[in-house]
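Please look over the sequence and the structure below before reading on. The paragraphs that follow go through a few local features and then the sheets and helices.

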Amino acid sequence: MLHIVSDSSTLYSPEEARRAGFHCVPLSVCIDGSTFRDYEQITPKEMADCCRRQAAVSSSQPAVGEKADLYARLLTDPGDEILDITIADGLSGTFATACMARDLTKDPARITVFNSRALGGPQRLMVETAVRLRDEGKTVAEILLVLSAMAQTDVSMVAVPDLGFLARGGRIPKGMAAAGSLLKLLPVVIRRRDGKALDTLGVSRTWKGVFQKARAAFEQEGGLDASSILYILHGDCPGTAEKARDWFRTQYPDIEIVVLDLCPMFMVHGGPGCLALETVKKL
């Protein structure tokens, strides 16, 4: 059997993942010195409340030992294989952790670690696609061809009202965060094509301006069509997500739009009120 593995960046809880046909290893957040696992020990709303009361927060990927133990449990039959689909290498250490865990197993050749070069919605769709193809009888090599093609269509960006979260995570300079907060700007950062870092796309004073910048970025990468999914991921700000959904629905009436809560780990870097806009094509 081919076992699909990923993490809570897919916005699946472990129980939801089990029902969907794959294994989800929760990422973790540290709040005032205590560690909590995404979805199992803390909800997105609880995480947002902790951020609002200015708790000291940080994030952590799964431990190497936890991944290695999972791999060992899944490879009980000689015919078993594992495909682990991770967050973009460079934006998280989960890819490196998975590779180290693979190398600790007795038969690493049966474990494939795929760098999605994405996170959030596009990573979620890649995992769902891998499960579907696995169930259709496709091999790991055949699945990887599709996932690699999907990764080429991913465009991801995020707008963050409170730049302090990005600064504390080392994503932007602290001076930029202070200036942006003083001017009450909404900066938009976009994931690089290689998935290794974020670049500044621009700033806006309104959410409509953010949506317009996102649309321009989508069009620069070839635009959205009926094969595209637009993911709107929000940090406990459903009203803003609804505005985004309504605006993009008028721009792209033929595409599928999915609105989801960001997982607690993402809230560490974006904070409450952040909004991620991500698109990827269904292949």
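Apart from neighbours within four places in sequence, His 234 touches Ala 241, Val 259, Leu 260, Asp 261, Leu 262, Cys 274 and Leu 275, where contact means heavy atoms within 4.5 Å. The model is a predicted one, in which local features need pLDDT of at least 70 and side-chain atom pairs count only at pLDDT 80 or more, while totals for chains, interfaces and linings use all residues. Residues are numbered from 1 along each chain as its sequence is written, and side-chain values use heavy atoms, with hydrogens and water left out.

His 234 belongs to strand 11 (residues 228-234). Helices (H or I, at least four residues) and strands (E, at least two) are DSSP runs, numbered from the N terminus. With 6% relative accessibility, His 234 counts as buried; buried means under 20% relative accessible area, exposed over 50%, and partly exposed in between, with a 1.4 Å probe and protein chains only. Leu 283 is 49 residues from His 234 in sequence, and their C-alpha atoms are 25 Å apart in space.

Next come the sheets. Strands of a sheet pair through backbone hydrogen bonds, either parallel or antiparallel. Here two strands are said to pair if DSSP finds at least two bridges between them. Strand 1 (residues 2-7) is joined to strand 2 by three bridges, and the two run parallel. Opposite Ser 6 stands Cys 24 in strand 2.

How do helix 5 and helix 6 meet, and at roughly what angle do their axes cross? The axes of helix 5 and helix 6 (residues 140-151) come within 10 Å and cross at roughly 155°. The two helices are therefore roughly antiparallel, since angles under 35 degrees count as roughly parallel, over 145 as roughly antiparallel, 65 to 115 as roughly perpendicular and the rest as oblique. On the helix 5 side the contact includes Leu 125 and Arg 134, and on the helix 6 side Ile 143 and Met 150.

A second open sheet has three strands in the order 4-3-5, with antiparallel pairing. Strand 4 and strand 5 (57-60) are at the edges with a single partner strand each, so one side of each has no neighbour in the sheet. Strand 3 and strand 5 pair in the antiparallel sense over four bridges, and Ile 31 stands opposite Val 57 in strand 5.

Two residues other than glycine have positive phi. For Leu 11, phi is near 65°; Leu 11 sits in the loop between strand 1 and helix 1 (14-20) and is buried at 6% relative accessibility. For Asp 32, phi is about 50°; Asp 32 is in the loop between strand 3 (28-31) and strand 4 (34-37) and is partly exposed, with a relative accessible area of 46%.

Terms used: Axes fitted to C-alpha atoms, helices over the stretch in contact; angles between N-to-C directions.
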